[in-house]
Amino acid sequence: MENQMTALETLFTDSYSKFTSWISQVRVDEVNEEESRIRVPEKTIRCIWNDQLFKTKQLRTTDDDELEIIFPGYWNFGPGPDFKSAAIKVNGNTLEGDVEIHVYSSDWKAHNHSANPEYDNVILHVFLWKTHRKATQPPVEPFPSKPSPLYGAHIFELELKDCLTKGILELNDELDFDSYPILHHFNYGQCHQPLARLSKEKLTHLLNAAGDARIFTKMGRFHDRIIINGYEQTFYEGIAEALGYPTNKEPFQKLAGSLTLNTLKELLPKRIRKAEKVLHIQSLLFGMAGLIGFKSLNTADLPADDRKYFEKLQNLWEKKYRSLAPSISLTQIAWKFGGIRPANFPWRRIAGLAHLIVRHEQNGLFADYMEAFQARIALSGDKGYTVNISSKLYDFFCIEANDDYWASHYSPGGKRLVKPQLLTGPSRSREITINIVIPIGLIFARASKSVKLEASFNVLFQSGKKPGDNKLLRFMKHYIFGNKKDMIKVLANDKQTQGLMQVYQDFCTQNDNNCLRCQFPDVVKKYFS
């Protein structure tokens, strides 16, 4: 199925970037000097509490009371406690109220919460470390001084350091802050009303401009790498990162950066069949990834074909490639398997990457994509450039390899699937197109001074294919758009959904999701109303 699209706004614009740049120059940093030295940000603790990433059974307060978390509360975006309307049990008694989160126990006093009536409903104070460090002088607040309620019986304290499911630094690295807060919400942001008053045309213009800015940000990640490593290697590394996003992005990046395309070309035998090349590359990738042991798999228990596959992989690595391969520090511990769908396990993603490399070994991944893309561009009179958007273009990175072991299994020695599955599916292929292809393609277009290519990538970005959805987008539709159908309808393509994500990144996350400190509502009124 094909869909013809013509560029109306032919080039990417930097109008959104101009006013966000101005905002960044006038924004006042409200973090005090002491907090700026804390290595673990408070948002990490908020995310840990939000997801309950600690041992919830047999919890004890700092006064050794039995504690049970019934409901952690709703993430608060305004002033006051971090979580509202929580429910806990202390020594069997149910309490309802708010929860305040800190890195250190002494932050309660440092922030002068005791003098602020907005914290009167706090029932639980949660912190990572209990400390007796000297508190900073709190700011003068417009509330009458009163005795601290922290020491009253109605506020309990929980120290998390010994309760975490993993080490704090490991959790901090694993948490995808762009995806927070998740759908624990009960109100709308202060930008909702100004945005709701915009016409459809002006709201579309804002989101399109923000979408362009998001692509420019991604271009910044790749520009220097292209200069140093070239388009093909950078494209390959970008695809690898996207295959691991978000949980295994870093190890995939290290893997592709160490086992480069040139290294693969040097190590592989020159004349072997395609299926054998896939096997050789899988052996190299699994070996370099530290996953070649497959959790000490007992191949004797496997069916004959499966046993033969694993034995070949391990023999190739041990006898041929281990001594030749470049050094890399990856081990099995670097890879995360918890919290992701089995279809996305690193084994399957690595196997799929091997197929992609072999499929495009003659000309290169980037060269083959650009050839396929440019073949679909046509000049459309005064309207600009038309691109025939087809499923083949969106599904360019899909991998169907029904004869591969991983097409029918999620794990080594695991249960055989009822029917083979794609190693890389349409959803991930589309994410690669948006996050890797368009920014690198736009760098190439501008380096080549090709208006035709830039306009065509803009068309691809605005294609009519239904944009993707995820928990962060669902949250923003609620919090920023108020779930209003007429506003959500504006999110007609990937450029606009990416634009909404950029607005969230530039304003919501930069202000710790505190609407009272956010300048975006004023920006909307000043620049777009």
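1. Tyr-405 counts as buried in this predicted model, because its relative accessibility is 6%, below the limit of 20%. Its ring is paired with that of Trp-406: the centres are 4.9 Å apart and the planes stand at 85 degrees, so the pair is edge-to-face. Trp-406 is buried as well, with a relative accessible area of 0%.

2. Trp-406 also has a place in the largest nonpolar core, which has 82 residues. Together with Phe-286 and Phe-397, Trp-406 touches the most other members of that core. Helix 7, spanning residues 200-244, gives the most to this core, with eleven residues. A second, separate core holds 31 residues, including Leu-207, Val-523, Val-524 and Phe-528. As a general point, nonpolar side chains in soluble globular proteins tend to be buried together.

3. Which residues are in contact with Phe-286, leaving aside its neighbours within four places in sequence? They are Leu-291, Ile-292, Phe-294, Tyr-309, Leu-313, Trp-347, Ile-350, Ala-351 and Trp-406.

4. The whole structure contains 28 aromatic pairs. One of them, formed by Tyr-231 and Phe-366, is stacked, with 5.2 Å from centre to centre and 10 degrees between the planes. This pair links distant parts of the chain, since Tyr-231 belongs to helix 7 and Phe-366 to helix 13 (residues 365-374), 135 residues apart. Are the two partners buried or partly exposed? Tyr-231 is partly exposed, because its relative accessible area is 22%, whereas Phe-366, at 6%, is buried.

5. Tyr-231 and Phe-366 are also members of a cluster linked by ring pairs.

6. Two charged side chains lie over aromatic faces. Arg-221 is placed over the face of Phe-222, 4.8 Å from the ring centre. Lys-495 lies over the face of Phe-12, at 5.2 Å from the ring centre.

7. How many disulfides does the model contain? The count comes to zero. A disulfide is a covalent bond between the sulfur atoms of two cysteines. Cys-191 counts as buried because its relative accessible area is 8%, and Cys-398 is buried at 12% relative accessibility.

Methods
Residues numbered from 1 in each chain as written. Predicted model: local features only at pLDDT ≥ 70, side-chain atom pairs only at ≥ 80, totals over all residues. Heavy atoms only, no water. Disulfide = S-S within 2.5 Å. Buried < 20%, exposed > 50% of the residue type's maximum accessible area, 1.4 Å probe, protein only. Core = buried A, V, L, I, M, F, W, Y, C linked by side-chain atoms within 4.5 Å. Helix = DSSP H or I, 4+ residues; strand = E, 2+ residues; numbered from the N terminus. Contact = heavy atoms within 4.5 Å. Phe/Tyr/Trp six-rings, centres within 6.5 Å; stacked < 30°, edge-to-face > 60°. Lys NZ or Arg CZ within 6 Å of the ring centre and 35° of its normal.
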